[in-house]
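This report goes through the chain contact, the packing of several helices, the nonpolar cores and some backbone features of the structure shown below.

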Amino acid sequence: MAEIRLNNLTKRWGDFVGVDDQSLHIQDEEFLVLLGPSGCGKTTTMRMIAGLEDPTAGEIWIGDRMVNDDLPKDRDVAMVFQNYGLYPHMTIFDNIAYPLKVRGTPKADIKPRVEKAAEQVELTEFLHRKPKALSGGQRQRVALARAIVRTPKVFLMDEPLSNLDAKLRVTMRAELKHLSRQLQITTVYVTHDQIEAMTLADRVAVMRHGVIQQLGTPDNIYNDPANMFVAGFIGSPAMNLINGSVQSGMFVTTGGTRLVGIGGQDRAKAVLGVRADDMEVHGAGQGDIDVSIYAFENTGESTLLTVQWGKQRVIARGDRHLRKEQGETVGIKLNPDHLYLFDPDNGDRIRLGDK
Amino acid sequence: MTEQSTPEIELSAAQSAEFWTGKRKQRFWRAIQAILILIAAFIMLIPIIWIFLAAFKSHVEVYQLRLFFTPTFENFGTVFEDPYDLGSKLFNSTIVAFVTVIIAIPIATMAAYSFSRFTLKFETTILVVILATQFVPAVVIILPFFIMFRDLGLLDTRIGLIMVNLAIVMPFAIWMIKGFIDGIPMDTEEAAMVDGSSRLQVIKNIVLPMAAPGLVTASIFCFILAWNEFLFALFLTNREATTLPIGLALFRGEEGDLWNLLSAAGIIIMLPMFVLALAIRKYFVQGMTMGAVR
């Protein structure tokens with residue numbers, strides 16, 4: 001049980017900057033997700049916390065101890081790796097028992113603790129097997145059990161679900177969430193999957209090019225993105241970003257269509273962000289703008305309409321009973337309460353007053 | 001999971017009419033392949049078969065290419081007797097080969113681990129230089145070795161031979177074992193470190209067991225190299241420390257080549273190889289493939 005403090009943490013390899021002077025305070029018992037595309041520095045940040053990578057500059061504090069010079073084994077963290085990192089020559093029991101054995105836990109203590117951990121991840125019947133004989137999801141559980149068999153100060157999870165198939169990922173995600181609420185141990189979780197981030201996190205740190213773009217609750221990140229990158233990265237489908245300008249309180253697309261009133265001062269260039277869910281699909285002539293359908297997709301629980309909007313394509317989400325044909329014209333109405341404006345030059349959010 | 005039946009592959013009329021197509025053709029070529037492999041194997045085995053037969057023949061029978069004869073074990077006795085005294089050479093060979101392996105493998109493992117896992121200064125250069133030592137023809141360095149060993153009093157000693165063999169074997173061992181350690185995922189080692197192991201514990205508990213097939217393969221390889229080493233043993237030993245391959249040369253006497261004795265001694269040299277190969281066949285194949293495909 002401990003908080004983690006990263007003070008001006010930097011990691012450089014030659015000229016390449018992995019993590020650029022970042023500070024982060026992770027609360028005790030918090031579940032923090034580091035989210036970003038590959039190469040954004042999220043895994044590097046985690047590996048520095050684990051002690052597997054030495055920071056170029058900055059401090060790492062776990063609890064009230066600066067751990068920069070501590071070996072991984074002395075940091076009292078447990079880590080789940082993307083490829084599980086199981087020991088193929090040991091049985092599942094020995095795999096889970098390893099952290100206890102190597103730290104000199106009395107033999108009598110080991111067995112009940114391993115069995116308890118195995119029970120928590122529903123592996124009891126596989127304890128005598130070797131990792132080779134398990135499926136991907138079961139191996140993932142072994143890696144989890146090995147992490148929870150001790151009570152470490154911090155859990156570190158490096159894309160633990162990314163090697164699982166889509167269905168299993170959803171199940172394991174729920175199990176992880178359940179387990180983390182139960183254990184209440186400070187957790188840092190790295191992923192590039194925004195749904196994992198949204199569902200698991202207490203707070204999400206969205207990273208890009210070694211810099212944290214936004215730190216906040218999933219709600220906050222989704223509904224109040226700090227910049228164009230966060231807006232485009234979070235949400236599925238991604239937020240639509242429409243180029244245009246602001247003229248006397250109206251957003252005007254590059255094509256010259258006066259689209260929607262947003263207020264604020266005039267701007268020669270602006271990007272309007274709107275989520276697929278905030279675009280209502282109506283009949284032709286009944287929305288803010290008429291557009292033709294480029295593609296119509298039925299995902300089962302909803303429908304997705306990719307529409308041609310001048311030179312751009314935009315995705316709107318429709319009711320699951322909606323049926324349209326390619327080439328048809330529909331009217332799209334934007335929800336004025338959930339519009340975002342960005343500066344196209346630096347990607348910064350332009351706040352729309354009190355709207 | 002529901003069971004799915006594989007749909008039967010229907011042959012078109014043209015396909016089924018023509019005999020030499022598809023699976024049939026494939027099967028035919030497979031048979032040809034097998035026959036060719038057998039022939040190739042036989043050709044390669046002829047010398048060994050010949051040696052096996054000759055070893056059980058008498059001096060007179062050797063030059064007759066008869067497959068059926070009354071086998072005699074006399075040759076195996078004679079080679080251990082006085083003028084030849086293969087026993088002491090067998091002893092020397094065994095000591096030299098075993099000690100070489102016992103010293104070489106741990107050192108090579110440590111070196112290989114360092115090369116594999118740490119970023120060292122001039123790493124590539126060092127690795128290439130290690131391998132490059134093997135590009136020097138042995139004949140070139142035999143004289144310096146001879147003079148050095150003479151001055152150090154290492155001529156005709158087993159210790160001297162072991163040192164030479166180590167020099168021969170180490171580069172191969174380092175490269176081979178490095179290949180195997182490269183194949184162990186970094187994740188596994190890092191997991192062990194986070195789980196609470198020191199670097200040495202990681203090596204002992206994780207790396208060594210996982211690299212075991214590779215270590216066995218490398219050991220055998222080194223053993224074979226040391227066991228068969230001829231040139232250095234020929235120049236650097238005389239009486240006391242001569243090894244089996246040198247012993248073979250004794251069977252060229254005034255009465256010509258004593259092929260029956262030569263063959264018997266040859267079998268004695270080959271025997272440990274066969275036994276070793278059989279005993280660790282499983283590891284060997286596993287080791288070979290593991291190193292190859294990671």
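## Helix packing in chain B

The model discussed here is a predicted one. In chain B, helix α8 (residues 186–194) packs against helix α9 (residues 199–228) at an angle of about 140°, and their axes are 10 Å apart; α8(B) and α9(B) are therefore oblique to each other. Their crossing is right-handed, and the contact brings B:Thr188, B:Glu189, B:Ala192 and B:Met193 of α8(B) together with B:Val202, B:Asn205, B:Ile206 and B:Val207 of α9(B). By class, the residues of this contact are five nonpolar, two polar and one charged.

Helix α9(B) also packs against α7(B), here at an angle of about 150° with the axes 9 Å apart, which makes α7(B) roughly antiparallel to α9(B). The crossing of α7(B) and α9(B) is again described as right-handed. Among the residues that α7(B) brings to this contact are B:Phe172, B:Ala173, B:Ile177 and B:Phe180, while those from α9(B) include B:Val207, B:Gly214, B:Leu215 and B:Phe221. The contact of α7(B) with α9(B) has 16 nonpolar and three polar residues, and no charged ones.

## Chain B as a whole

The secondary structure of chain B consists of 13 helices and two strands. Of its 294 residues, 31% are buried. Among contacts in chain B with a separation of 6 or more, 79% are between residues 24 or more positions apart.

## Helix packing in chain A

Helix α2(A) also packs against helix α4 (residues 136–148) of chain A, at an angle of about 30° and with the axes 7 Å apart. The two helices, α2(A) and α4(A), are therefore roughly parallel to each other, and α2(A) passes α4(A) in a right-handed crossing. The contact is formed by A:Ile92, A:Asn95, A:Ile96, A:Tyr98 and A:Pro99 of α2(A) with A:Val142, A:Ala145 and A:Arg146 of α4(A). Of the residues in the contact of α2(A) with α4(A), six are nonpolar, one is polar and one is charged.

In soluble globular proteins, nonpolar side chains tend to be buried together. In this model the largest nonpolar core has 140 residues, and those with the most contacts inside it are A:Met79, A:Ile96, A:Ala145, A:Leu156, B:Ala108, B:Ala173 and B:Ile177. Helix α7 (residues 158–182) of chain B provides the largest share of this core, with twelve residues. Apart from this core lies another, of 15 residues, which includes B:Ala55, B:Val79, B:Tyr84 and B:Phe251.

When its neighbours within four places in sequence are left aside, A:Met79 is in contact with A:Ala50, A:Ala147, A:Leu156 and A:Asp158 of chain A, and with B:Ala191 and B:Val194 of chain B.

## Backbone features of chain A

A:Glu159 is placed in the loop between β7 (154–158) and α5 (166–183) of chain A, and A:Gln184 in the loop between α5 and β8 (186–191) of chain A. Are these residues buried or exposed? A:Glu159 is buried, with 20 other C-beta atoms within 10 Å, whereas A:Gln184, with 12 C-beta neighbours inside 10 Å, counts as exposed.

The peptide bond from A:Ser236 to A:Pro237 is cis, with omega near 0°. A:Pro237 is found in the loop between α8 (228–233) and β11 (240–247) of chain A.

Notes. Residues numbered from 1 in each chain as written. Chains lettered and ligands numbered in written order. Predicted model: local features only at pLDDT ≥ 70, side-chain atom pairs only at ≥ 80, totals over all residues. Axes fitted to C-alpha atoms, helices over the stretch in contact; angles between N-to-C directions. Helix = DSSP H or I, 4+ residues; strand = E, 2+ residues; numbered from the N terminus. Parallel < 35°, antiparallel > 145°, perpendicular 65-115°, else oblique. Left-handed = near helix turned anticlockwise from the far one by under 90°. Contact = placed C-beta atoms within 7 Å. Nonpolar A, V, L, I, M, F, W, Y, C, P; charged D, E, K, R; others polar. Core = buried A, V, L, I, M, F, W, Y, C linked by C-beta atoms within 7 Å.
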